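Have the viewer open as you read.

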Amino acid sequence: MFYNLLPNALQFLLGSWLISFAEHKPVQAPRTLPFELRHEHALTNGSRVVFADYKTPMGLRTRAEAFVIDTAPLTVHRPLSQDSFQRPRVRRGDVPWQPIEVAGPDVQDREVLLLLAKMANNAYTEPDQKDWYDIGSEWNNSYPFGWEPDADGFRGHIFATPDNSTVIISVKGTSLMWPIGGGGPTQRKDKLNDNLLFSCCCARVGPTWSTVCDCYEGGYKCDQGCLEKSLAEESLFYSIGINLYNNVTYMYPNANIWLIGHSLGGALASLVGVTFGIPVVAFEAPAERLAASRLHLPSPPSTQHVTHVYNTGDPIPMGTCTGVSSSCALAGIALETRCHLGRVIRYDTVSKLGWSANVVHHGIQALIDGILARDDLDWGEDGAPRSVPAFSIEEDCVDCFNWEFGDFRNATAKGCGARFGAV
């Protein structure tokens, strides 16, 4: 498309202009929104975001179930422009934030979470595959991203209401050959992003590990400037997510955009959602607060537009899948963070359902079939029945408390950065 043919600098300026040009007025959206699957999105080997249409199979629209999501008013904080947001990432300064009321998903409704979780699952697959969840007849697939034969990174689907007023971007998480995944062409880059974003220091889990960046200083010391430089590499998924969002706003300039994802996809959705001030629902995502700090993302007055949904039987969002003998380490990934942005919906499956802490409970199917699809479970804590747990915030939370981060060397020194062949 035309936008992708522009140089990166012009893409950035165009994205900033679109955001600043839009009138920020409270959105009076209908309580219920019908959605259609419009696009699939992906990343090519050349780090270019691409889209593709998917034709609805004949007869699919005869199915009776409709894909409808209830909404609730939500206040988000957006920078006045992307320039005003990006400048303090390089030089210290305040960001002028603007509170805006938009229509977000009603995340205290179990049926809404169930539909969004199915959409997040479908980012891993395609409509003709057996692991695709049927989300009804009111959709057609037009721009999948990341599904070309040579695509080996960022991928997922884009859903939209028939009038294009609301668009949902669903981002795929990690694909690995381990108890909860089936591998695939994206696993190398998925693994690199996991180890850079959610480890304490370049995935230095033990002395036998090959780190993904050169910031380790011996013992439990790590160079902070080196880490920040490594996370700023253009080929990493955060910057690609920014380009994806700018592409979608180019295609749907007047739409209210939501981001959803599972695991790595949920954390990336949160980081992009904080950048642009848009509603986010992340399922079973590793904690991203430390990554946001290392990326120098300015903190808005509130991040309550980001909602994390996970269960206590999943050690990855709980921050307990750590150590050289953990399941995560055996899979070659270091997911060591535990502090999430925004608000949390935490299903206590260990106490209420007797689940053990095991990575088999990290898969999105465990959340869908074992929790959200069941209407017989009570998640209330104060005697009042609840179909969805109440919100909580991870306030008293510290990441990587046993590490010392400091300016041990010049962060611009040669050899400081990501090692893309180390995964």
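Which residue of β5 does P73 stand opposite? The residue facing P73 is A103. Before going further, keep in mind that what you're looking at is a predicted model.

β4 covers residues 68-79, and β5 covers residues 97-105. The two run antiparallel, with nine bridges joining them. β4 has another partner too: strand β1, residues 32-34, pairs with β4 over three bridges, again in the antiparallel sense. To find that spot, look for P34, whose bridge partner in β4 is V68. As you trace along these strands, remember that side chains in a regular strand alternate between the two faces of the sheet.

Now for the cysteines. The model has six disulfides by the sulfur-distance rule, and we'll visit some of them here.

Start with C201 and C222, whose sulfurs sit 2.0 Å apart in a disulfide. This one links distant parts of the chain: C201 is in the loop between α5 (187-197) and β10 (221-223), while C222 is in strand β10, 21 residues apart. Check the torsion about the S-S bond and you'll get about 80°, so this disulfide is right-handed. Both C201 and C222 are buried.

Next, go to C215 and C226, joined by a disulfide with an S to S distance of 2.1 Å. C215 belongs to the loop between α5 and β10, and C226 to helix α6 (residues 224-231), so the bond ties together parts that are 11 residues apart in sequence. What about the handedness here? The torsion about the S-S bond of C215 and C226 is about -70°, so this link is left-handed. C215 and C226 are both buried as well.

Finally, jump to C339 and C397, a disulfide with 2.0 Å from S to S. C339 lies in the loop between α11 (327-330) and β14 (343-347), and C397 lies in the loop between α13 (364-372) and β15 (404-406), so the pair ties together parts that are 58 residues apart in sequence. The link of C339 and C397 is left-handed, with -95° about the S-S bond.

Are these two cysteines buried or exposed? The cut-off for buried is under 20% relative accessible area. C339 has a relative accessible area of 1%, so C339 is buried. C397 comes in at 15% relative accessibility, so C397 counts as buried too.

Notes:
Residues are numbered from 1 along each chain as its sequence is written. This is a predicted model: local features need pLDDT of at least 70, side-chain atom pairs count only at pLDDT 80 or more; totals for chains, interfaces and linings use all residues. Side-chain values use heavy atoms; hydrogens and water are left out. Two strands pair if DSSP finds at least two bridges between them. Helices (H or I, at least four residues) and strands (E, at least two) are DSSP runs, numbered from the N terminus. A disulfide is a pair of cysteine sulfur atoms within 2.5 Å. Buried means under 20% relative accessible area, exposed over 50%, partly exposed in between (1.4 Å probe, protein chains only).
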